[in-house]
Amino acid sequence: MNSKTLLSLLKIKKTYGNFPVAVEKISTDSREIDGNSIFVAIKGHLVDGQNFIPDVLEKGCRFIISDRYYDVGDDAGILVVKDPAKVGALFAEYIYDFPHEAMTMIGVTGTNGKTTVATMIHSLSRAMGKESAYLGTNGFMINDDRYVSVNTTPESIKLHHRMNAAAEEGAEVFAMEVSSHGLKLGRPYGINFDIAIFTNLSQDHLDFHPTMDDYGYTKGLLFSQMGQDVKERKFVVLNNDDPWSEQYQRMTPHEVITYGMDSASDFYPTEIDGSLEGFNFTLNTPEGEFFVNSPFIGEFNIQNLMAAIISEWLQGYDLAKIIRAVEVMAPVEGRLEVLDTSLPINLIIDFAHTPDALEKIMNTIQPFTAGRLLFLVGMTGERDTTKAKEMGEIATRADIAIFTPDNPANDDPGMLVKLLEAGAGSDNYHSFTDRDAGIRYAVEISEPGDTIVLACKGREPYQIMENYVKVPHRDDLIALDAAYRKYRPKEYLEE
């Protein structure tokens, strides 16, 4: 891409030094920079990109974007703008030739359910015979290949890298989670979404958003930024059971499709029947009734599944074909995932870390628990702690609650546990400042027929400890190790 062409895109700018004739790449990560790259020096919360300018100059980089002047000498050029991230996203569009235009872009926002819905869309798209990509909390996938992704919604330039990689691999659908952090920080800059989906909104991230209204309206940016051009065929899919949907409906001129648990919605279920092996129901749609044999657990997963089904239907697929594909879908990793069904206990992991999500899990699991219900929750460090008391109260509705920290970071793990204890509705709880120990204790005191729910982390592969050090940790692997030692010691320990 010609450098002069890129610079001509901006009306307000300051340039210093001499720029290369052309560039091929753009990044905020100095480790990815070479002589054909633009380096975008972003001043973040913990790191200032300008500190890495000497490193990228040494690597041959000759085009730098920053919000402040830096003397790069005569052999390189620095572009000074008010918002380097936004300019970087604009340049990325041109450098990578607008990759989102080659795919159906689907954005999913909400407090809970983003990962599940986006993953379901990816799975259904694959079942429909399409090349597909997924981006979110569970990483980045192109078809069946998985890559690591640090943030639910990556910073804007990294996001364009992901879209470009998917487009180059022939992806026709790109389903991504769109977090409120991402929206407020402008990470989806320039993305032209074709379908936008809302799952629900409940208390979370009040360490980042000053009020629930700010949180709610930030989510609404996904819908308002779809634009006013009604010649473009776009759709908004809203959860009719959530009052915020009424606000979001007014934020877009595009057609709105609703789903919910009653007949006021365009898509709704009746005749629901379920177990820990899955839920079956009749799906009522504008095209008639369809029996759905779903491998997913819980009424909230019926809502998630309806959103995913609608997204495929809006792309032109026959509903009967979509629903046949539902029967063979794999569980979403870390979302009400039952581990090793051959064990004499039900061992379940989930990512739920808000009162609303914990409430839904409790209401889903309790009716199917033959023995005791053991419910483990953790409180996250350096986050919104006002939800801890309610989380503790919900956990103690189980026969036994277990409190632990979750990604304590620089907060005292003991303090985080005490916040959960403050909401305990009974004395049927046990507290641990080490999550590993809490998980092993839950398995140790279990008896055949019991159900253990490990909430808050899903398959997140680390704990964030002091000084933000990420220590390897997997709830599922720890729980399975403890369960095999207890219930299959001979065959497991002799392996």
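Me: In which helix is Thr-364 found?
Reply: This is a predicted model, where local features need pLDDT of at least 70, side-chain atom pairs count only at pLDDT 80 or more, and totals for chains, interfaces and linings use all residues. Residues are numbered from 1 along each chain as its sequence is written, and side-chain values use heavy atoms, with hydrogens and water left out. Helices (H or I, at least four residues) and strands (E, at least two) are DSSP runs, numbered from the N terminus. By that numbering, Thr-364 is found in helix α12 (residues 355-365).

Me: Is Thr-364 buried or exposed?
Reply: Buried means under 20% relative accessible area, exposed over 50%, and partly exposed in between (1.4 Å probe, protein chains only). Thr-364 has 7% relative accessibility, so it counts as buried.

Me: Which residues is Thr-364 in contact with, leaving aside neighbours within four places in sequence?
Reply: Contact means heavy atoms within 4.5 Å. With those neighbours left aside, the partners of Thr-364 are Ile-297, Gly-298, Glu-299, Phe-300 and Leu-336.

Me: What is the phi of Leu-336, and where is this residue found?
Reply: Most residues other than glycine have a negative phi. Leu-336 has a positive value. The residue is buried, with a relative accessible area of 5%. Its phi is near 45 degrees, and Leu-336 is found in the loop between α11 and β17 (337-339).

Me: Which loop holds Asn-143, and what is its phi?
Reply: Asn-143 is found in the loop between β8 (139-142) and β9 (145-147). At 14% relative accessibility, Asn-143 counts as buried. It is not a glycine, yet its phi is positive, at about 55 degrees.

Me: What is the strand order in the open sheet of 3 strands?
Reply: Two strands pair if DSSP finds at least two bridges between them. The edge strands, β14 (268-275) and β16 (288-294), each pair on one side only. β14 and β15 (residues 278-285) pair in the antiparallel sense over 6 bridges, and Tyr-268 stands opposite Asn-284 in β15. The order is β14-β15-β16.

Me: Which helix packs on the sheet, touching β14, β15 and β16?
Reply: Axes are lines fitted to C-alpha atoms, for helices over the stretch in contact, and angles run from 0 to 180 degrees between N-to-C directions. The direction of the helix makes about 50 degrees with that of β15. The helix is α10 (residues 299-314).

Me: At what angle to β16 does helix α11 run?
Reply: Helix α11 (residues 319-326) lies across β15 and β16. Its angle to β16 is about 15 degrees.

Me: At what angle do α15 and α16 pack?
Reply: The axes of α15 (residues 435-444) and α16 (residues 475-487) are 9 Å apart. The residues of their contact divide into 6 nonpolar, no polar and 7 charged. Here Ala, Val, Leu, Ile, Met, Phe, Trp, Tyr, Cys and Pro count as nonpolar, Asp, Glu, Lys and Arg as charged, and the others, Gly among them, as polar. The angle is about 35 degrees.

Me: How many disulfides does a search of the whole structure find?
Reply: A disulfide is a pair of cysteine sulfur atoms within 2.5 Å. Cys-61 is buried at 0% relative accessible area, and Cys-456 is buried at 2%. The count of disulfides is 0.
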